[in-house]
Amino acid sequence: TEAHDPRFARSHNQALLELDRRHLIHPVTSFRGHERHGARILESGEGMWLTDIDGRRVIDAFAGLWCVNVGYGQESIVEVAAEQMRRLPYATGYFHFGSEPAIRLAHELTQLAPEGLGHVFFTLGGSDAVDSAVRYIVHYFNAIGKPEKKQFIALDWGYHGSSSTGAGLTALANFHRGFDLPRPWQHHIASPYPYRHPEGHDDAAVIASSVAALKAKVEEIGADKVAAFCCEPIQGSGGVIVPPKGWLKALRTACDELGILMLVDEVITGFGRTGPMFACEAEGVTPDFMTLAKGLTSGYAPMGAVMMANHVYDAIADAAPEALPIGHGFTYSGHPVSAAIALEVLRLYQEGGLLSNGERVGIRFAQHLERLRAHPLVGDTRGRGLLGAIELVSNKGTKAGFSADLDVGGRLSALTWEKGVIVRCFGNAVIGFAPALCCNDSEMDMIFERVEGALDALLEMPDIRSAL
Ligand code: PMP
C-alpha cells in the first residue's frame with residue numbers, strides 16, 4: 001500500500017515541510033530563518049526518546065520545552081484523559097460552576113505549596129499565569145487603598161512569558177525589540193549571575209549586590225509606588241542562571257522590608273525540576289504569588305496556575321462588592337481534562353517515584369556537568385536538580401564569548417541533532433539541559449556522550465579553532 005512505500009513517505013514528508021513553510025508561524029522563530037531552516041517534525045515519543053517523521057530516534061535532554069517532566073508515553077495519563085473526556089470534556093468555572101478534577105487539584109496544590117499559599121487560579125499556561133498574577137496585584141493595591149503602587153521590578157535575563165504584560169517583565173532583547181516594551185511601569189535590576197558577576201563567584205557578594213540593587217531601584221522609583229518584585233528562583237530562558245543558595249530568601253526578606261509583594265515564577269523550576277517539588281521550598285520561602293505551568297501537566301495538556309497568598313486573597317475578597325464579579329477569567333480556567341491529567345502527573349511524581357528518581361539521577365547529572373568544565377570550549381557549568389547549563393567561551397581566562405557571525409548556537413543545534421540528542425542552545429553561549437525525571441543512568445551517560453561529541457566536532461572546525 002501507499003503507506004508502506006518509502007517513496008510515498010518521502011513525498012508525504014516533503015509536502016508537510018512545504019505546508020509548514022507556507023502557513024505555520026512558529027513561536028519565537030525568525031520567519032525567514034524558519035523558511036530557510038525548515039521544520040524538524042516530530043512524530044512520537046517514549047520515555048526519554050523522540051522519533052521524527054523520517055524515523056530518526058533522538059534522546060530528548062530538554063523534556064520538550066522543560067515541561068515533559070514525567071517523560072513521553074505515560075499510559076496512565078492517556079487513560080485518565082480519555083475517561084475524563086468521555087465523562088465531561090468541559091466545565092466552565094464561571095457563574096459558580098465547577099468540576100471535581102479542578103477542585104481536587106486546587107486542594108492538592110495548596111497542600112504541596114509553601115504554607116500560606118491557600119488559593120489557586122487556573123490558566124492555560126505560564127504566560128497567562130504571570131499575566132493573571134499582575135492583574136491580581138494591581139487589583140490588590142487598589143483594593144487596599146494604595147492605588148499608586150503599580151510599578152513592577154524584575155531581573156535582567158528574566159523570562160516571564162509572552163503576554164503583552166509578561167513580555168515586558170521578561171528581559172530578553174528579542175521580546176522587547178519591535179514590540180514597544182518594556183512599559184514605563186516595568187523595571188529591571190541586574191541578574192544574580194555568579195559567572196559574570198563583577199566580584200566573581202563569591203556567593204555572599206552576589207546576594208548582597210542583588211539586595212542592594214533592589215533597594216536602590218525601589219528608592220529611585222519611590223517605595224510608595226512599587227507593587228512587586230518578580231523573579232524566577234533559577235533563571236531559565238535567560239540561560240539557566242543559578243543564583244547562590246540563600247539568594248531567594250534574602251530577596252524575600254528585602255521585599256518585606258520594602259513593603260512590596262514577591263511574585264516567584266516557578267513555571268520551569270516547579271514540580272521536581274530542581275529537586276524538591278518547588279524551588280521555594282528548598283529556600284524556606286513563601287512568596288505572595290507563585291506562578292506554575294509546564295510540569296503541572298508535564299505538557300500532556302495545556303495548563304498553568306497562579307497561587308495566591310491568603311492575606312492577598314482576603315484583602316481582595318473583603319474589598320470587592322459581591323454584586324460585581326471580579327473581571328478576570330478564561331474560558332478554559334480549571335479545564336477538567338487538564339486538571340485530571342495534572343492529578344495523575346502529581347501522582348506519578350510522588351507515588352510513582354519520579355521525584356525521587358529525579359533527585360537520584362540529578363547527582364549523576366551534576367557529575368557530568370562538572371566533568372565538562374575541563375572541555376576547551378567550556379567556561380562555566382551550573383545547575384540544580386535536573387536543570388543545568390554549560391556556558392561556552394573562546395577564552396577561559398577573559399571569559400570572552402564567540403562573535404555572533406560564527407553562529408556557534410546554530411552550529412551546535414545542528415551538531416547535537418546529528419549526534420542524536422536534543423538540548424537547547426541559547427544565543428551563542430549557553431547549552432541548556434532539562435532531562436525528564438524518568439531518565440535512567442545509561443540515558444544520562446548517553447546525553448553527555450553525545451553532547452561532548454558535538455562539542456568536539458565544533459572544536460574541529462577551523463574558524464572555531466582559530467577564534468580560541
Ligand atoms: N515563566 C517562565 C519562568 C517560563 O519559563 C515560561 C515559559 N518558558 C513562562 C513563564 C511562560 O509560559 P508559557 O510558555 O506556558 O506561556
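This report describes the domains, core, strands and ligand shell of a predicted model.

## Basis of the model

Local features need pLDDT of at least 70, side-chain atom pairs count only at pLDDT 80 or more, and totals for chains, interfaces and linings use all residues. Residues are numbered from 1 along each chain as its sequence is written.

## Domains and their contact

The chain is divided into domain 1 (40-73 + 353-467) and domain 2 (76-349). These bounds come from an automatic or database domain assignment. Taken over C-alpha atoms, the centres of the two domains are separated by 27 Å.

Across the boundary, 27 residues of domain 1 are in contact with 21 residues of domain 2. Contact requires C-beta atoms, placed from the backbone, within 7 Å. On the domain 1 side, at least two residues each come from helix H3 (63-66), helix H14 (354-372), strand S11 (378-384), strand S12 (387-392) and strand S15 (430-433). Helices (H or I, at least four residues) and strands (E, at least two) are DSSP runs, numbered from the N terminus. H14 gives the most to this side, with five residues. By class, this side of domain 1 has 14 nonpolar, eight polar and five charged residues. Here Ala, Val, Leu, Ile, Met, Phe, Trp, Tyr, Cys and Pro count as nonpolar, Asp, Glu, Lys and Arg as charged, and the others, Gly among them, as polar.

## Nonpolar core

The largest nonpolar core has 124 residues. Such a core is a set of buried Ala, Val, Leu, Ile, Met, Phe, Trp, Tyr and Cys residues joined through C-beta atoms within 7 Å. A residue is buried if 20 or more other C-beta atoms lie within 10 Å of its own, exposed if 12 or fewer, and partly exposed in between, with C-beta atoms placed from the backbone. Ala-228, Phe-229, Ala-305 and Met-307 touch the most other members. Helix H13 (residues 336-349) supplies the largest share of this core, nine residues. Domain 1 and domain 2 both give residues to this core, so it lies between them.

## Strands and sheets

Four strands form an open, mixed sheet in the order S1-S2-S3-S13. Strand S1 (42-46) and strand S13 (421-422) are at the edges with a single partner strand each, so one side of each has no neighbour in the sheet. Two strands pair if DSSP finds at least two bridges between them. Strand S2 (residues 49-52) and strand S3 (residues 57-60) are antiparallel, with three bridges. Val-58 in S3 is the bridge partner of Leu-50.

Strand S5 (residues 151-155) is mostly covered, with four of its five residues buried. S5 runs parallel to strand S7 (residues 226-231), joined by three bridges. Gln-151 stands opposite Val-226 in S7. S5 also pairs with strand S6 (residues 186-189) in the parallel sense, over four bridges. There, Leu-155 has Ile-189 of S6 as its bridge partner.

## Ligand shell

The ligand is surrounded by 15 residues, and the closest are Gly-125, Gly-126, Ser-127, Gly-161 and Val-267. A residue counts as near if its C-beta atom, placed from the backbone, lies within 6 Å. Helix H6 (residues 126-143) gives the most to the shell, with three residues. The shell has five nonpolar, eight polar and two charged residues.

Pro-6 is found in helix H1 (residues 6-23). Pro-6 is exposed, with 8 other C-beta atoms within 10 Å. The C-alpha atoms of Pro-6 and Asp-54 are separated by 9.9 Å, although the two are 48 residues apart along the chain.

Definitions and conventions: Two residues are in contact if their C-beta atoms, placed from the backbone, lie within 7 Å.
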